[in-house]
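Please look at the sequence and the structure shown here before reading on. The explanation after them moves from the whole chain to individual residues.

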Amino acid sequence: MILQINQVSKIFSGHQALTDVSFDIEKGKIFGLLGPNGAGKTTLIRIINKILEPESGSVYFNGKAITNHAVRSIGYLPEERGLYKKMKVGEQLLYLAQLKGVEKSEALVRIKNWLTKLDLLDWSKSKVEDLSKGMQQKIQFISTVLHDPELIILDEPFSGFDPINTNLIKNEIKALQEKGTTIIFSTHNMESVEEICDDIVLINRSKKILEGSVEEIKNSFKENLFHLKFKGDLIGFTNALWTDFELMAKKNNGNLHEVKVKSTNGKSLNVLLEHTIKEVEILHAQEILPSMNEIFINQVSKENLQDE
Amino acid sequence: MNKTWLIIKREYLTRVTKKTFIILTLLGPILMAGLITAIMWIGMEDSEHQRILVVDDQYPTFEILKSTSDVEFDYDNYTIEYAKEIFYKSDYTAVLYIPKNIAYANNAMLYFKKQPSLNSIKNIENKVEKIVEDLKLELFKIDRADFEKVNTNFHLNAVKFSSEGTEEKMDTEKNAVGFVFGLMIYFFIFLYGVQVMRGVIEEKTSRIVEVIISSVKPFQLMMGKIIGVAMVGLTQFLLWIILTTILYTFAVTLIIGNNYGADVVSSTQMSAEIMQNMQPDNGISAKQLIENGNIISRINFPLMLSMFGFYFLFGYLLYSAMFAAVGSAVDSETDVQQFMLPITLPLIAAYMISIFAVQNPNGPAAFWFSIFPLTSPIVMMVRLAIGVGDGGIPLWEVATSMALLIIGFVITVWLASKIYRIGLLMYGKRPSYKEMLRWLIKAEK
């Protein structure tokens, strides 16, 4: 475990920002910290970075209570982020790296490598304000990873990024993971979560309401729905379902059919195929798993309803 | 410490390489030297020629007014109405109107087109006064010789007597020099304090602050900024002093050495003569005029400059922490106004009290406010000009004031950093004073 969050609570002048939140993050994973706006994600991240202190609870980094020195091994890209506009790109990156404790000579080498990698080397002597927004975002990302952190925390990293930069950064994140870096990824953009996260925690109204691997969670929320495409007679197909399955939706184009079928008693896709394969020509069959987006919306609105 | 040093370095380098810094550093001494030489030049430039039409209701009593090289009197039996009528078309620079009852009223009028210099007016005044005196002497049947015998030119000389028995004339000029020092501190606290505040606001609005405080403690960031700007200020002083000295020396040799060599002598003589006449009613200012060279030698400059260094530095440190706290509490510079009062109020109070301290450097107001940390940097500078120890300010007062300023600085920084730490991460809503007070009281770990 690289990071352990242990019953962390935080109160801001009467407002409960975090309530007994606990979870662990495994080394080398991409971890999604999810939740709607105002759920407490940024507060938790600030506590991990020791910008804020929790009212109660503790944070362990590599098995030890986190210290200011340990925070040096964290790279943090805050949601509210920016750069010194009047400073030159190269100088700025050097300054931020040195603040994280990187030696000047080492920092200069890394800066050159990263600027080359992200195609920004020609801009290193330009002032930040002369760069496009996309370039500034790349510089911000570089500043987060320059000191070679063990743990990278990205708070809404893609907000305001164009699709090209989003993709570029996603690839860099994956490359960092392959090198063994752990990444915390705080967002409410569920598409990117499904694409890159291994594990997630869902926080709503200061409390943890869900945690696990993306696979597990999707499986636990499945509704035994199957999606089938076939050629043949729809009546024959429906009869073949018996009482084990129920036809939920259908769409046809001539004798080409597309249907959604629900298992009434937990029978698997294989059973469904056994029943129907003699009647029609199956072209495509897949179990429908809920998207993270659906789970997110369902869970959050369910929680909110219960609270009210 | 290492990180604080990095912050100081950045704050310093980004500021001293800015165009505005370079321009202000170069322009400052030019303006200052220009101002000093301009004042000297204006002071010398008294050779204006006055051609005055005298209108005398006691015609021809004042016919005896003597023209000199500077002032030419034209005497005619005009009425004042007529004189006023022709004044603007004529080449007269002024009309001197002497009313009939001058011996009782002791008043005459001088109508001018262009404001005559103080010296010219004094000159004319003295000439008329002399005749009025003669008039009165005749009226009261007094002999001029007798009058000169009783005409008293009284002057009280206040002398500082030290325990060693040395004597020194009391000078309000000294206090005036102190006032200038105090004024400079007042000015520079604002100048550099606002720079700290702007820096904080810049970090907040550009949203870089959270990145920085994930690497360093907010306190380190605040202190780094404050010290960095202080070093910028000290650099600027040093450059100003060097450049001003060079420019001043240069200007003085150029202007006084060559062009006005002869005139200086005559104008000094003239002022000396005027001074003699002015003594009874306006002794001090005239003396100030003449003894300007003297005052510089009477001020203990090593003491004043080192004290200036101390009070500027700690006064600035104390106030800049407050400026930093204000900067952290707002989102943009336009919101600053409502939080400036706690800063400007003591500064302006200190300025006003230092005006009184010039008159009475050992009075109770001057004493208390030169001890109180928020006002001491300015008020104490005024008092210090009269010297420390014997006859000046007691040493313990200076020591107390300095110690309290350092303590005040530590407390202010500690309080300001509490507001700063929370304010930095607050966006959108402006905190109220009440809220800021809560930040102060609440001891967040």
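The model is predicted. Chain A contains eleven helices and 14 strands. Along the principal axes, the C-alpha trace of chain A extends over about 75 × 50 × 30 Å. The radius of gyration of chain A is 24 Å, whereas a compact globule of 308 residues would have a value near 19 Å. Of the 308 residues in chain A, 35% are buried.

Two residues of the chain deserve attention for their backbone angles. One of them is Asp119(A), which is found in the loop between α4 (104–117) and α5 (133–145) of chain A. Although Asp119(A) is not a glycine, its phi is positive, at about 60 degrees. Is this residue buried or exposed? Asp119(A) counts as exposed because it has 11 C-beta neighbours inside 10 Å, and a residue with 12 or fewer is placed in that class.

The second residue, Asp148(A), lies in the loop between α5 and β7 (151–155) of chain A. Asp148(A) is likewise a residue other than glycine with a positive phi, here near 55 degrees. Its surroundings contain 15 C-beta neighbours inside 10 Å, and therefore Asp148(A) counts as partly exposed. This class lies between the limit of 12 or fewer for exposed residues and that of 20 or more for buried ones.

Note on methods. Residues numbered from 1 in each chain as written. Chains lettered and ligands numbered in written order. Predicted model: local features only at pLDDT ≥ 70, side-chain atom pairs only at ≥ 80, totals over all residues. Helix = DSSP H or I, 4+ residues; strand = E, 2+ residues; numbered from the N terminus. Rg over C-alpha atoms; globule rule 2.2 N^0.38 Å.
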